[in-house]
Amino acid sequence: MHILAIETSCDETAAAVLRDDAAILSNIVLSQDEIHAPYGGVVPELASRQHLKSIDHIVRESLTAAGVALENIDHFAVTQGPGLIGSLLVGLSFAKGLAYYHRKPLLGIDHVQAHIEAAFLENKGIAFPVLALIVSGGHTSLYFLKEKLSFELLGRTRDDAAGEALDKIAKFLDLGYPGGPVIQKLAEAGDPRRFEFALPRMTDRSLDFSFSGLKTAALRLIRDNRISKDDSRLPDFLAGFESAVVRALLENMFQAAERLNPTSLLICGGVARNKRLRAEFERQARSLGLNSYIPSPKLCTDNAAMVGALALSRIENEGKTLKKKGFSLDLDAYPRIIAEG
Ligand code: KG4
Ligand code: ZN
């Protein structure tokens, strides 16, 4: 059995072919970074237009690379939400067309849950319960998985996503887009203790995140200290900011771990490529004796292999019920996160 998965929720046009044993036969990702770079962030209208231009050849390329003909695809899967509505609709309409023409079932997949599934794709034996942090340019959320495919939302950002905060500070300093990787590189040589960043505190017992306060504090430090792109203090400033973002993410995550007693912890999403976050996450998990997992960098940022992987898991686990109601050509795109999976 082969599945063709399509992902167009933000600014990557992606298609992947997976076999039923979850082997990735192809995983093609076309990034639109260059198109959005002049604006310092994703421009939704440009993103959907670019998906329209690219989707056909990216899907073809994924089939060629996998050595599988379209006629031999048994299932189609596509990201249904959350994401940019115009971008989602391009992938969804394209997938519907393929499924309709080839008379094969189509499964709508949640993008955030797919990011989490990326970790299971590479580690079949992750022990439950699992506490998962998904951290990207569009999302910063904590999920508790009592068992496979059960996604309980524990907390989410009340304002900016962590990646969005990194992207915005990079934009303000004219460092380039996406900001996360640029900041990581420049911060490598910096001293994170030179500039002080206070972390926001939730006044309730909520496990929600907030990054707008940290972003405002960073902007104030930039202005007060007249830090600019060519300043010799830039690496110190960026190292301080990056480590404050990492601390804000992990403090919340490990507070949740204390309350819920998971056996395994995982982080995923584009920001999980960050070296400081990866190292600090693994160090803290180890000190508590918990298993820790992070997908390899290519499976952290948006891709369609994670979409195909979640589709396969759902087909395996919900086979009979899916046959009745799961596969549909009436799927609608949804822009926002859905609380229960
Ligand atoms: O998962 P993703 O590709 O798209 C969304 O679903 O948002 O994540 C993109 C985000 C961007 O904000 C980018 O700056 C961030 O991931 N990112 C990083 C790194 N690589 C990508 N942030 C920090 N360090 C990195 N190495
Ligand atoms: Zn994503």
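Colleague: Which handedness does the crossing of helix 8 and helix 9 have?
Modeller: Helix 8 passes helix 9 in a right-handed crossing. A crossing is right-handed if the near helix is turned clockwise from the far one by less than a right angle, and left-handed if anticlockwise. Before going on: this is a predicted model, where local features need pLDDT of at least 70, side-chain atom pairs count only at pLDDT 80 or more, and totals for chains, interfaces and linings use all residues. Residues are numbered from 1 along each chain as its sequence is written, chains are lettered from A and ligands numbered from 1 in the order in which they are written, and side-chain values use heavy atoms, with hydrogens and water left out.

Colleague: At what angle do helix 8 and helix 9 cross?
Modeller: Roughly 35°, and the axes of helix 8 (residues 234-260) and helix 9 (residues 275-287) come within 10 Å. Axes are lines fitted to C-alpha atoms, for helices over the stretch in contact, and angles run from 0 to 180 degrees between N-to-C directions. Helices are DSSP runs of H or I with at least four residues, strands are runs of E with at least two, and both are numbered from the N terminus.

Colleague: Which residues meet there?
Modeller: From helix 8, Ala239, Glu242, Ser243, Val246, Leu249, Leu250, Met253 and Phe254; from helix 9, Arg276, Leu277, Glu280, Phe281, Gln284 and Ala285. Contact means heavy atoms within 4.5 Å. The residues of this contact of helix 8 with helix 9 divide into nine nonpolar, two polar and three charged. Nonpolar covers Ala, Val, Leu, Ile, Met, Phe, Trp, Tyr, Cys and Pro, charged covers Asp, Glu, Lys and Arg, and the others, Gly among them, are polar.

Colleague: And helix 7 against helix 8, what angle is that?
Modeller: The axes of helix 7 (residues 212-224) and helix 8 cross at roughly 170° and come within 11 Å. That makes helix 7 roughly antiparallel to helix 8. Over 145 degrees counts as roughly antiparallel, under 35 as roughly parallel, 65 to 115 as roughly perpendicular and the rest as oblique.

Colleague: What makes the contact?
Modeller: Leu214, Ala218, Leu221 and Ile222 of helix 7, with Phe237, Phe241, Ala244 and Val245 of helix 8. By class, that contact of helix 7 with helix 8 has eight nonpolar, no polar and no charged residues.

Colleague: How does helix 5 pack on helix 7?
Modeller: Helix 5 (residues 162-172) and helix 7 pack at about 20°, with their axes 10 Å apart. That makes helix 5 roughly parallel to helix 7. Lys168, Ile169 and Phe172 of helix 5 touch Lys215, Ala218, Leu219, Ile222 and Arg223 of helix 7. By class, this contact of helix 5 with helix 7 has five nonpolar, no polar and three charged residues.

Colleague: Domains next. What are the bounds?
Modeller: The domain assignment, automatic or from a database, gives domain 1 (2-115 + 302-325) and domain 2 (125-299). Their centres, taken over C-alpha atoms, are separated by 27 Å.

Colleague: How many residues of each are in contact?
Modeller: 21 residues of domain 1 contact 14 residues of domain 2. Domain 1 and domain 2 bury about 1,500 Å² between them, 63% of it on carbon and sulfur atoms. Buried area is the accessible area (1.4 Å probe) that two parts lose on being put together, summed over both.

Colleague: Where are the cis peptide bonds?
Modeller: One joins Gly81 and Pro82, with omega about -10°. Pro82 sits in the loop between strand 4 (75-81) and helix 3 (85-102). The bond from Phe128 to Pro129 is also cis, with omega near -5°.
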